[in-house]
Amino acid sequence: MNTTVVTATTAANIGITDRARFRDLVAAEWVKIRGQRWPCFLAAFCVLWDAFAAWSSARHVSFPPGAANSFNPLIYPFDDTAWSLLAVLAATFGALSVAGEYSSGLIRSTFVAVPARGRVVAAKALVVAVCAACVGLACSAAALPIAGSELAGKLTGLGPTGPGVPIAVVASALLLVISSLIGMAIGALVRHPAGAVTAAWSALLFVPELLGSGSVNLPAAAEGMPVQLWTAISHTQPQSPQPAPLAPAPVAWLLFAAWPMISVAVTVWVVRRRDV
Amino acid sequence: MSAKTAVLPARPASARRRARVTDLVAPEWLKLWPPWYTAAASAAVVVLSVVIAQHDPNPYHFDAPAWLVPMLAAGLLGAHTVVTEHATGLLRSTLIAVPDRRRLVAVKAAVIVGVTAALGLVLAYADIGIPRPATAGAVTPRQIAACVALGPVCGLVGMAVAALVRHLAATATGVCAVLGALPLFLQPKQNRWEHDVSNALPYYSWSRLASDSGTMTVPVAWGTLAAWAVAAFLITFVVLDRRDV
Amino acid sequence: MASALRVAPGMYAGYAAGPMAWGEVTSAGRRGEPAEAANVAPVIETNELTKRFKNVTAVDGLTFTVQPGRVTGFLGPNGSGKSTTLRMILGLNEPTHGSALIDGHRFRDAGTGLRRVGALLDAGDVHKGRSAHTHLMALARSNGIGKRRVQRVLEEVGLSAVARRRVGGYSLGMRQRLGIATALLGDPPVLIFDEPINGLDPEGIRWARELFRQLAAEGRTVFVSSHLMSEMEHTADHLIVIGGGKLLADESLATFADRAPKPAAATVPAVPTVAPGALEAAFMSLTADSVEFRAGDLP
């Protein structure tokens, strides 16, 4: 049954070389994330966790009279322990968004639908970053008033226009963005969900902990980890007799910008290179 | 017509109804190591732990943060025995081969306990072999016993998490959170209840036994570790026995 | 549900109706234009296509062309390199040597794929936590295809009643239908199916067969890989057979069936149809040397 009289549809579709519109790719990635339930639960948990952490860290604080001014109020809502966990959860989200597609095989359908792999990765990175930034802002929005009310009467300066507060809020949102993009790179390298999650937790939680606790003697590396950079930028280092060394602010901002760029570049390169 | 008539082989007299325990252990041991990254990761953990311990500037044996790596590895190994079977559907084949779920769980737990205890012993001796200043003190048998016990406790906790959460990625998250993140976030503080809660974590109980840090008494520390192990085993046992697969 | 499966005579002719039927499918404002007949040819060509994994040569110097307007069957024993070949055609694997072109271009060089090639590689390539509707919407959105088209395609494959349910709860046949729906989503001129009727019930198999023939009748290129010889007899017009990674045959159905060792007293059929079982016999004799995984003989 050989016929070369093709229908209108077929003819119009032959030889299409459209570039995929970026906003179509972004919309598709958003549909994929929206269609699953766990990202919602993860986001809700993050906000609740940060609220709880702010409340518990600000609760039993007492200052000697007259010395309140030398204490930095930002360390309560932006507690670095609590935000380490948030960074790790953001990295888990990023890692699973890539590793989940590989393990379920959906990546094949995605790349047949859009062979331009780099653009797909870019769209995915954008959606993941925006989600992480929104969660970061929500967490700050929850933590600041709660810490402020617990500290009422002892310390002030946690309102939206307090000293250093806008920078801290922005830096915190950026911390989650960076962590999620690092997670994506890990997910692209380790294409197995459980392995990617473990690698993400190790890279963002356990390795910095090992470096920071002095068990491994590499102070320069310790300063370059995302959470440490965030601490340097938002000036939220807790008082302690031996504060961990932090990078100076301009260097910290530079590294803060370098992490996501390197992560996305690695993700794109790995995804394009490997067979699916 | 010389049709071949099929003749069933006669049932051997020694055919058993119940699987022998030794017959069950071998397949569980074999299933532990593939895929290749399980064995490779375990070897990497041993090497990494030794390297970290060697470069640890703290002058004590069995310094706690460096042992986070073997703890996690043991937990993930334990989780691996349960969760990969769930995720791949292999559990159905296994349960058809061995319908007695209780024995299966007991054997899996036994294999994990054996492997992780051996891992702990190897790491303990590696740590002892590293020269330390005299202030570190002599190594007591109690410390070595604590290291040997740490692996099984973490492995059993990993099994329990995997039995409850049957999904690969969520199990990995859960094991990392329970064994690794909880100790970091619940550090012993001045507050009474936070202090007690954090001491109840296996990380701090073990630290008490292995490096004399903290204020717990030794029997309480041992009791905590034992309680974690028993509770984790019971959870695995009951959940795998009851749930539909 | 049965009525949704039956292919009405004019069901796919609706696609040819011009801009109205195109309403859902837009590509940056492009609408369907009337065809220039006879000089468009959406062919799949491979040229010395080779793929080596370490020391295993999965595909070795494959050269063939798949023409439009007919159903071409892609046959071969297990492990002969069929899936690898299809993956290379779709740009998922990089060939070690040689090339695979669709319409003269490498598939991977273009921006969007759904409107050029519809493919079903593995029915399991879905995320089990999502619903069929969400799965198709995500793919459709990436190519600028709208919601109405997704619903239309779900109706055609008979999944609209269960479209909002988790794919993880689907039976194998339902997942196959979802895969076929994915391939139809962009209304493409080239269609590639890898084992499409695995797990379908007899009604579904008949529906799929009529679907493939209808798609070919509209001038599309239909490339179907399958193991079921009895189905190939009724569906395919042309066969490409590979074994051990090498091309073994590239000929029409009737010519291929003639290879079958004939029984002693063969009657010459009045019409050029294939004798029942001839295709299977021909396939077995041709690929006898290249079967990798042979089940043992029972004692």
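User: What pattern does chain A follow along the sequence?
Analyst: In this predicted model, chain A reads α-α-α-α-α-α-α-α-α-α-α along its sequence. The chain has 11 helices and zero strands.

User: And how much of chain A counts as buried?
Analyst: The figure is 55% of its 276 residues.

User: What share of its contacts comes from residues 24 or more positions apart?
Analyst: Among the contacts of chain A with a separation of 6 or more, 79% are between residues 24 or more positions apart.

User: Turning to chain C, which domains does the assignment give?
Analyst: Domain 1 comprises 40-113 + 189-261 + 272-289, and domain 2 covers 127-187. Their centres, taken over C-alpha atoms, are separated by 24 Å. Nine residues of domain 1 of chain C and six residues of domain 2 of chain C take part in the contact between them.

User: What classes of residue are on the domain 1 side?
Analyst: Where domain 1 of chain C touches domain 2 of chain C, its side has four nonpolar, four polar and one charged residues.

User: Now backbone angles. What is phi at C:Asp103?
Analyst: C:Asp103 has a positive phi of about 60°, although it is not a glycine. Most residues other than glycine have a negative phi.

User: Where is C:Asp103, and is it buried or exposed?
Analyst: C:Asp103 is in the loop between strand S4 (97-102) and strand S5 (117-120) of chain C. It counts as buried because it has 21 C-beta neighbours inside 10 Å, the cut-off being 20 or more.

User: What about phi and the place of C:Asp187?
Analyst: Phi of C:Asp187 is positive too, near 55°. This residue is in the loop between helix H5 (172-184) and strand S6 (190-194) of chain C. C:Asp187 is buried, with 25 other C-beta atoms within 10 Å.

Notes
Residues numbered from 1 in each chain as written. Chains lettered and ligands numbered in written order. Predicted model: local features only at pLDDT ≥ 70, side-chain atom pairs only at ≥ 80, totals over all residues. Domains from an automatic or database assignment. Contact = placed C-beta atoms within 7 Å. Nonpolar A, V, L, I, M, F, W, Y, C, P; charged D, E, K, R; others polar. Helix = DSSP H or I, 4+ residues; strand = E, 2+ residues; numbered from the N terminus. Buried ≥ 20, exposed ≤ 12 C-beta atoms within 10 Å, placed from the backbone.
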